[in-house]
Amino acid sequence: MTKRYLLRTFGCQMNEHDSERIAGLLEADGLEKTSDASEADVIVLNTCCIRENADNKLYGTLGHLHSLKAGRPDLEIVVAGCLAQKDREAIVERAPHVDVVLGTHNVHRTVELLEARRSSGHQVVEILEASTADDQELFPSALPVVRERGHSAWITIQVGCDNACAFCIVPAVRGPEASRPFGDVLDEVRRAAAEGVTEVTLLGQNENSYGRDLALRLRAAGEADAPLDEQHLAGGAWVADRRARPLFADLLRAVGEVPGIRRVRFTSPHPKDLREDTVAAMAQTAAVCEHLHLPLQSGSDAVLAAMHRGYTAERYLERLTTARRAMPDLAVTTDVIVGFPGETDDDFDQTLEVVAEARLDSAFTFVFSPRPGTEAATMDAPAVPHEVAVERMAALRQVVERSSLLANQARIGRTEEVLVEGPSRRDPSRTSARTRQHRLVHFDADRPLRPGTYASVEITGASTTHVLGGLVEVLDVPRHRTRIPVVAG
Ligand code: SF4
């Protein structure tokens, strides 16, 4: 009988991407996907330690699975992802019923580790601390993949981070920054396009610095007897100028030229590293969408310094002005943390001012909560009382929502190109889609449209979270095979 797996993903897009690879490996090993835990033979929890209460959620889920496994001893439980990377001993101690614990650099070994568990009869833990830039295991591009959306692909261009933001656990669990060879990224994009993918999102922790390590490595190896493949590692534009510089702008241009790719997105750039050549590449490459997610985190220079963000509020706004000058129809979204240790009323007022001045299209807002293992968890600065942080959050949401509503209302009367995601979750008679600016659109159509369809839609209404509209015409039909129906909200 065919075995089934259930895969639950917590956290960020990098984790979603790893989950697609784990699903691909399990399916290549003959397993079928299920969403019902009671019929799963293998349950994989791909964990994240960035979000609040991640460990409580994991141990809560593992407690539930303990009961399930008591009745079905053959059930195999795998814990993967960055919480596994960080807390392996705790998982082993608190959840001995887990069969396999694997780290962020071990995704490609999922099937082998399950096999090792079966043959040894013992719990298997495999965590690689970090890999070298030569290590192809860093970027599991050759692994099979099961995409949640057949028309859209995430492409990892970089892993790890060399920054040290005080609130962030990523450098500890994903290791130092390492860029994927330029040619490998392009090969994966070309393969995805050949499978019918038309939209790619480039993933990295600090994408503007993509390739700096590759350029430095090539310059250092310049005199070596056996020269490296420069074109493959760093791309043709670098070979022409050989400067020690990031290669992200070159990469955006090259990905945007791959035949079949209509939309290129990326997340997340760091404000301190947003260079003019990146902005120019965005503006000059037709496929690159008019959307910039630029995490602000705080509008107070004192708080930004305590966070080690490496920019001031003024510098952040200058970067936005430069980007908007080059792309007048640019949508801007951000992340903001409220209640960072030591944040005063004055600091928070500055955040409100900067958020209002930035004219954001939307923002992810978070109340600070300390993550064990980060600098912010042990700071001497006074903690902001929870009720104060909650009040500040409410005030911030008001400013963000006012700004979102204005931005959405400004689209009324326009005709926009949208990429269909599927029927709306709230009202399945409507179709949900995204504009190039990543704005959510619910629109009326006189026929069902498959996910991946491009259409033009006239915008007729707006709220804080989305715009409404009506179908004008279908522009392009999807070329991928639909595996999983997508319901969007
Ligand atoms: S730039 Fe800062 S927030 Fe982003 S991954 Fe690196 S350390 Fe974390």
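Student: How many bridges join strand 7 to strand 10, and do the two run parallel or antiparallel?

Tutor: Please note at the outset that the model is predicted. Strand 7 and strand 10 (residues 199-203) run parallel and are joined by five bridges. A bridge can be followed residue by residue: Ile-155 has Leu-202 in strand 10 as its bridge partner.

Student: What is the strand order of the open sheet of three strands?

Tutor: The order is 7-10-11, and the pairing is parallel. Strand 7 (152-156) and strand 11 are the edge strands; each has a single partner strand, so one side of each lacks a neighbour in the sheet. From one strand to the next, the twist averages 25°.

Student: Which helix packs on the sheet, and which strands does the helix touch?

Tutor: Helix 1 (residues 13-28) does so, with contacts to strand 7, strand 10 and strand 11. The direction of helix 1 makes about 105° with that of strand 7.

Student: How do strand 16 and strand 17 run, parallel or antiparallel?

Tutor: They run antiparallel: four bridges join strand 16 (residues 431-435) to strand 17 (residues 440-444). Within this pair, Thr-431 has Phe-443 in strand 17 as its bridge partner. Strand 17 also pairs with strand 19 (residues 467-476), in the parallel sense and over four bridges. There, Asp-444 stands opposite Gly-470.

Student: Which residue takes a positive phi in the hairpin of strand 16 and strand 17?

Tutor: That residue is His-438, with phi near 70°, in a hairpin that has four residues between the strands.

Student: Where is His-308 found, and what is its phi?

Tutor: His-308 is found in the loop between helix 13 (301-307) and helix 14 (313-326). Its phi is positive, about 60°, although the residue is not a glycine. With 14 other C-beta atoms within 10 Å, His-308 is partly exposed.

Student: Which peptide bond is cis, with omega near 0°?

Tutor: The bond from Thr-267 to Ser-268 is cis. Ser-268 is found in the loop between strand 11 and helix 12.

Student: Let us turn to the domains. Into which domains is the protein chain divided?

Tutor: The division gives domain 1 (4-126), domain 2 (147-282), domain 3 (290-410) and domain 4 (415-476). Between the centres of domain 2 and domain 3, taken over C-alpha atoms, the separation is 26 Å. Their contact takes 18 residues from domain 2 and 24 residues from domain 3.

Student: Which elements give two or more residues to the side of domain 2 that touches domain 3?

Tutor: They are strand 11 (263-267) and helix 12 (276-284). Helix 12 provides the largest share of that side, four residues. By class, the residues on this side of domain 2 are 13 nonpolar, two polar and three charged.

Student: Finally, which residues surround the ligand?

Tutor: The ligand is surrounded by Cys-161, Asn-163, Cys-165, Cys-168, Val-170, Pro-171, Gln-205, Asn-206 and His-270. This shell has five nonpolar and four polar residues, and no charged residues.

How values were computed:
Residues numbered from 1 in each chain as written. Predicted model: local features only at pLDDT ≥ 70, side-chain atom pairs only at ≥ 80, totals over all residues. Near = placed C-beta within 6 Å. Nonpolar A, V, L, I, M, F, W, Y, C, P; charged D, E, K, R; others polar. Domains from an automatic or database assignment. Contact = placed C-beta atoms within 7 Å. Pairing = 2+ DSSP bridges. Axes fitted to C-alpha atoms, helices over the stretch in contact; angles between N-to-C directions. Buried ≥ 20, exposed ≤ 12 C-beta atoms within 10 Å, placed from the backbone.
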